[in-house]
Amino acid sequence: MVTQARRPLAERVEDIGAWYGILKIITYAAVVSNAFVIAYTSDFIPRMVYKFVYSDHHNLVGYIDHSLSIFNTSDYKEEWGATPAESDPDTCQYRGYRNGPQDPDDPYGLSPRYWHVFAARLAFVVIFEHIVFVLTGIMQFIIPNVPSEVRTQIQREQLLAKEAKYQHGLKKARDNDYEDLIQALRDQNTGSRAGFGIRGSWARRLSRLSDGVDAHVDVPTKPRRSMESTVN
């Protein structure tokens, strides 16, 4: 129980990892859902359509009558009508964009006004989400995820790491060359590997020196006197 329920160890990471993509998807879904909520649950779009398309004076005078449809009470079913003690009016109005009872093609069907409002709502959703995404992109461009000072420091650290790795490689190569030369001199003095061993060691030495010259790297040469004294 103690090993399973204890607090996990903290670990330093570069960013939030997979959560960045998840939050980005949630943000896009929130923008689209908010656009649909504004377009389909408010009277903002129908009012704007009436004001700029149907109104002669570009105002909202007469909007209530425009948003209501007419129903003929003679088309009531028996269970819809009033009680026998009451009388029904000739017509009544209800909220919606539908044809009247006198329409020859499609009585009580969806009117052209409905499709105008529907198209305006879809256009509002598209325009709204594009405006939000454009503003978000501009803000991301103006305010980067990593400040310029931090980015410069990261690049400097990467450059220093590469230089340290390069210097470590040069030092290791020089140490190996020095050890090969010492071993060749030891073989020469002891006579254990006459001829071939010495030539092989000196061939490797000359090959590495030539590689250093090709790479424009200064390969320091050790004084022969100090090497011989070391061997002796």
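**Why these words? A tour of a predicted model**

Visitor: What covers the buried residues of helix 3?
Guide: The cover includes helix 2 (18-40), helix 4 (63-66) and helix 5. Keep in mind that this model is predicted.

Visitor: Which residues of helix 3 are buried?
Guide: Helix 3 spans residues 44-54, and its buried residues are I45, P46, V49 and Y50. Seen down the axis of helix 3, they fall within an arc of 135°, so they line one face of the helix.

Visitor: Why do residues three or four places apart in an α-helix point the same way?
Guide: An α-helix has 3.6 residues a turn, so residues at that spacing point the same way.

Visitor: What makes N99 count as buried?
Guide: Buried means under 20% relative accessible area. N99 has 12%, so N99 counts as buried.

Visitor: Where is N99, and which residues is N99 in contact with beyond four places in sequence?
Guide: N99 sits in the loop between strand 2 and helix 5. Beyond four places in sequence, N99 is in contact with I70, D106, Y108, G109, L110, S111 and P112. N99 and S69 are 30 residues apart in sequence, yet their C-alpha atoms are 7.0 Å apart in space.

Visitor: How do you know that R95 forms a salt bridge with D43?
Guide: The test asks for a side-chain nitrogen of Lys or Arg within 4 Å of a carboxyl oxygen of Asp or Glu. The closest N and O atoms of R95 and D43 are 2.5 Å apart, so the pair passes. The pair links distant parts of the chain. R95 is in strand 2 (residues 91-95), and D43 is in the loop between helix 2 and helix 3, 52 residues apart.

Visitor: How many salt bridges does the structure hold?
Guide: The structure holds one salt bridge.

Visitor: Why is R95 called exposed?
Guide: Exposed means over 50% relative accessible area. R95 has 62%, so R95 counts as exposed.

Visitor: Which residues make the nonpolar surface patch of about 940 Å²?
Guide: The patch is made by I127, I131, V134, L135, I138, M139, F141, I142 and I143. Take I131, which is in helix 5 (residues 112-142).

Visitor: What pattern does the chain follow along the sequence?
Guide: The pattern is α-α-α-α-β-β-α-α-α-α. That gives eight helices and two strands. Of the 232 residues, 17% count as buried. The chain exposes about 18,600 Å², and carbon and sulfur atoms supply 59% of that area.

Visitor: Which elements have the highest and lowest mean pLDDT?
Guide: Helix 5 has the highest, 93, and helix 8 (residues 224-231) has the lowest, 44. The chain averages 78, and 73% of the residues score at least 70.

Visitor: Where does pLDDT stay under 50?
Guide: One such stretch is residues 192-199, with five contacts beyond four places in sequence. Another is residues 212-219, with six such contacts. Where pLDDT is low, the predicted coordinates should not be read in detail.

Conventions: Residues are numbered from 1 along each chain as its sequence is written. This is a predicted model: local features need pLDDT of at least 70, side-chain atom pairs count only at pLDDT 80 or more; totals for chains, interfaces and linings use all residues. Side-chain values use heavy atoms; hydrogens and water are left out. Patches are made of residues with over 30% relative accessible area and no salt bridge: like charges are joined within 9 Å, nonpolar side chains (Val, Leu, Ile, Met, Phe, Trp, Tyr) within 5 Å. Accessible areas come from the Shrake-Rupley method with a 1.4 Å probe; for residues, only the protein chains shown count as cover. Buried means under 20% relative accessible area, exposed over 50%, partly exposed in between (1.4 Å probe, protein chains only). The arc is that of the directions from the helix axis to the C-beta atoms. Contact means heavy atoms within 4.5 Å. pLDDT is the predictor's confidence in each residue, from 0 to 100.
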